[in-house]
Amino acid sequence: MDVTLTPDGGVRIADDGPGIPVEPTGDPHEPDLEALLTRLSPGPAPVGRLDLGRGWAGIGPCVANALSARLTAEVHRAGVRWTRAYERGVAVTPLTEEGEASGTGTVLTLWPDAEIFTTTAYSFDTLADRFRELAFLYRPLEITLTDRRHPGETRSLRFRSTGGARDLVAFLDRQGLPPGGPDVIAVEREDARMSGTLEVALRWRDTGEARIRGYANSHPTPHGTHVQGLRDGLAAAVTAYARERRLPAEASPDLDADRITDRITDRTTDRITDRITDGTTDRIADRIADRLAEGLTAVVSVKMDGPAFEGAIRDRLGNTPVRACVAEAVRDRLGAWLAEHPERAAALVARALQG
């Protein structure tokens, strides 16, 4: 994807996909160009784990078109180049065949409506932050952002990641750790119980506040079952490590490693959900997770075929099975890491057991 801020105040978005269909498809989940740019669906469309274009509400670009003084669409599909222009969401030219096209893809160029927005200037830095984040979350994706608004001062950044969440953790820690700092602990897996995939990466710094980022289908979700699953997995792994090595439980009167580990690590999804929501155990596990969060940088990203977003701004993931799946993955991977790094494991256990 190439995004260009143009000298006349517009933004041009070009991709190398198959090109948006220009004729009605008869499939409400694969709208043609006119439907995509001018009509709201009656409800959120089904969202797949690799969907990026329609966002968490399934709205699509029709809202961007309605809020634009002008928008032009160019589609390269089946060897033909098609164009159409809109003003404030209404087509002002017919769909026109412009000749042959090399390759496939869609190009949308839009200019925000100055009668709606108090400012129509795009923030290069804000766009760069979001595109960088998307490149970390979707490794096949490559995004180039170019600013041509100032003659002779073209600025361009390219975003692509091969390490995913692991690279995002390293990026977040780029100013907080010396070169050659501790490695990132990471796990990826697909889990049929949540109808999707999960990716978790984490690392502890010596000090500092927690930096925990949650994403569901690339949508920032700082709250929800995926983030709680991360916390559950941290508590389960550390308490299990302490139990196996018979570390002194009396250092923390609240810590009952058998109860916490057994409740969180039961492998049956329904039972694990019931067990980790037990009030007393939940409070103890949360207390341990809070202690372990000090100096923690973590990213938990899930991609699902049917994410359930909750809250007024849809910043909470509600899919219940996700909590158990993430907790189990984190517990297994962190548990293995603790066994391989006994000195650092002892420090984490001491932190978890502190009064």
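This is a predicted model: local features need pLDDT of at least 70, side-chain atom pairs count only at pLDDT 80 or more; totals for chains, interfaces and linings use all residues.
Residues are numbered from 1 along each chain as its sequence is written, and side-chain values use heavy atoms, with hydrogens and water left out.

The protein chain has ten helices and 17 strands, taken as DSSP runs numbered from the N terminus (helices H or I of at least four residues, strands E of at least two). Of its 355 residues, 47% count as buried, that is, under 20% relative accessible area with a 1.4 Å probe and protein chains only. Among contacts (heavy atoms within 4.5 Å) with a separation of 6 or more, 67% join residues 24 or more positions apart.

Towards the end of the numbering, the axes of helix H9 (residues 320-340) and helix H10 (residues 342-353) come within 6 Å and cross at roughly 120 degrees; these axes are lines fitted to C-alpha atoms over the stretch in contact, with angles from 0 to 180 degrees between N-to-C directions. Trp337, Leu338, Ala339 and Glu340 of H9 meet Pro342, Arg344, Ala345 and Leu348 of H10 in this contact. In H10, the buried residues include Ala345 and Leu348, together with Val349, Arg351, Ala352 and Leu353.

H9 also takes part in the lining of the largest cavity, to which H9, strand E10 (185-191) and strand E11 (196-204) each give two or more residues. A cavity here is a set of points on a 1 Å grid over the protein atoms alone where a 1.4 Å probe fits but cannot get out, and lining residues have an atom within 4 Å of a point. The residues that line it are Ile185, Ala186, Val187, Val200, Ala201, Leu202, Val330, Arg333 and Leu334.

Elsewhere, Gly89 is found in the loop between strand E4 (80-87) and strand E5 (90-91), and this glycine counts as buried because its relative accessible area is 17%. Leaving aside neighbours within four places in sequence, Gly89 is in contact with Thr38, Asn65, Ala66 and Ser68. The C-alpha atoms of Gly89 and Val63, which are 26 residues apart along the chain, are separated by 7.9 Å.

Technical notes. On a 1 Å grid over the protein atoms alone, a cavity is a set of points where a 1.4 Å probe fits but cannot get out, and a pocket is an open set with protein on both sides within 12 Å along at least five of seven lines; lining residues have an atom within 4 Å of a point. Buried means under 20% relative accessible area, exposed over 50%, partly exposed in between (1.4 Å probe, protein chains only).
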